[in-house]
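Please look through the model below before reading on. My notes follow as numbered points.

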Amino acid sequence: MKMEKQPAEINYFFRDGYHEFGETIYETFQSCGDVIVDSWEAVVESAEELYENARDVITLDYEPFQSFFRAIGYAFVFGLSLGRLIISAVMTPVICAVLSAIQGTVLLLVMLGFYIAYLIVTFADWVYRSCKKISSGCPNCQNKFDLPAYVCTCGRKHSRLVPSAKYGVFVRHCECGRKLKTTFFNGRHKQAGQWVCPDCGYELDGSLQVDIPIPVVGGPSSGKTCYISMAISQIEANAESKYGLDFSYKPNDALGDDYEENKQNMENGRLPEKTNDLRLRYYQFYLTPKGEKVRNLISICDVAGEAYERNDEVGSQIGFKYANAFLMMVDPLSLKRFREEVADTIDLSKYGASEKGMDEVLDTLINNLQNMNCLNSKNMIKTDVAVVFTKCDIPGLEEKIGDTAVRRYMQENDVKSKYEACNKVCEQFLIEYEEDNFLNSLKSKFKSIQFFTCSALGHVEDGSDFTPEGVEEPALWLIDKASASINLKNFWGKKV
Ligand SMILES: Nc1nc2c(ncn2[C@@H]2O[C@H](COP(=O)(O)OP(=O)(O)OP(=O)(O)O)[C@@H](O)[C@H]2O)c(=O)[nH]1
Ligand SMILES: [Mg+2]
Ligand SMILES: [Zn+2]
Ligand SMILES: [Zn+2]
């Protein structure tokens, strides 16, 4: 792969090496040519003198006696010059060629050394990155890449600060003269300077990290924002004590970050505002096992539910394509039959009942993912999905899909895993309320799905504190699946 031009000095062997090599050969052969020319001239000159003197001797025209001795002298000079010509015409080129060949070989060996070092370092870098799943994403333009672009303290942008045979394997010199480290191993990410998105220039964190974007999918008022705020604050509260993970929220000012505000509001029993943004809004936090150097940067992405009513809106957002997993929010009240059943007993507006059918939301998502080439050879989407029934504080739901229902199913069917039972119970619920379409699409299109039930609030808004139930589990399940370093198998009772 050819690297675009970097604002760095070209490695000596690339810039001067070739040039100097050529120059030396040229000079060597040129001086060799000079010797031949000189010798030739001497031969011609002595031959002429010899001829003239010999002629004088023969014709006895002019000082025949002296001419005779001069002729002998010139014959001698002629012999010497001829010898020199023969030697310089035959031997010098051979010597020049041998010297050049030696020089060329040495240069070639050094270059080869560079290439081998380059290949080894690049390969090691790749292995390390692949094993750790190192990647970065941009919460502004939603792109994903293996490495952000580096901006030197002088302002010059190095789009690929990686080992290169041309600019340097371990280090390169910026045009400003600064020495820049180019690999994970020697602290590339620790040096002064800035890391930015290679596409939009948005400032990013250049530390070693694994980018895990998880869009939250659901129609308008399905409970996405309540869930996200509550799930992140629950993970924040329990990360260390319960899961032994380090949590650190990363405020994101690409599109404005209202996590703190939502959290505060919800802690005081108030609801977050309706989301108006049709673009994915990334709520980002680091979640990493203690002592692990490569941090996971989790992005839970919210969007106004209306986005799922518009194909073009989802289709224009590359973030969906790069999603590691999806959190599918299902408001039980969006199941038409269920909504009709409970309409007489509860005040639907208090629950912010979502009227948008989940099958339509899912269709929009699947169509767009198909267009984005996210299908594998079996025509399935390679992404894990957590299907989360939210608002499970709705009266009567506990009996149908809540813990009570799950426990009962486990007892009656001798099922050991509560997750397996939860899947069965939720599937039955969907079938009972005629949502077969939604269920079939889910099961046929995604690599793996797991159902969850939760309540972000615990009860309708009444001024009292909210009491979330089961909100962190679905998010952590997906994070565990996506992250190489996080392992919560003890919590699930199996490896996910
Ligand atoms: N009882 C109860 N109501 C909830 C729960 N979660 C959400 N709601 C209600 O549902 C409404 C909508 O929730 P949001 O989180 O704003 O929904 P959203 O999916 O973000 O909606 P958009 O921003 O319009 O896409 C809230 O105002 C609450 O009234 C819950 O766990 N229990
Ligand atoms: Mg919202
Ligand atoms: Zn510089
Ligand atoms: Zn960007």
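1. In this predicted model, four strands form an open sheet in the order E4-E3-E7-E8, and the pairing is antiparallel. The edges are taken by E4 (157-158) and E8 (203-204); each has a single partner strand, so one side of each is left without a neighbour in the sheet.

2. Within that sheet, E3 (residues 149-151) runs antiparallel to E4 and is joined to E4 by 2 bridges. Tyr 150 has His 158 of E4 opposite.

3. The protein as a whole contains 13 helices and 15 strands. Its radius of gyration is 39 Å, well over the 23 Å given by the globule rule for 496 residues, so the protein is more spread out than a compact globule. Along the principal axes, the C-alpha atoms fill a box of roughly 145 × 45 × 40 Å.

4. The domain assignment lists domain 1 (12-132) and domain 2 (209-492). Taken over C-alpha atoms, the centres of domain 1 and domain 2 are separated by 79 Å.

5. Of the 496 residues in the protein, 36% are buried. Among contacts with a separation of 6 or more, 72% are between residues 24 or more positions apart.

6. How much of helix H12 (residues 472-482) is buried? The count is 9 of its 11 residues, so H12 is largely enclosed by the rest of the structure. Here a residue counts as buried if 20 or more other C-beta atoms lie within 10 Å of its own. The buried residues of H12 include Glu 472, Glu 473, Trp 477 and Ala 482.

Methods
Residues numbered from 1 in each chain as written. Chains lettered and ligands numbered in written order. Predicted model: local features only at pLDDT ≥ 70, side-chain atom pairs only at ≥ 80, totals over all residues. Domains from an automatic or database assignment. Rg over C-alpha atoms; globule rule 2.2 N^0.38 Å. Buried ≥ 20, exposed ≤ 12 C-beta atoms within 10 Å, placed from the backbone. Contact = placed C-beta atoms within 7 Å. Pairing = 2+ DSSP bridges.
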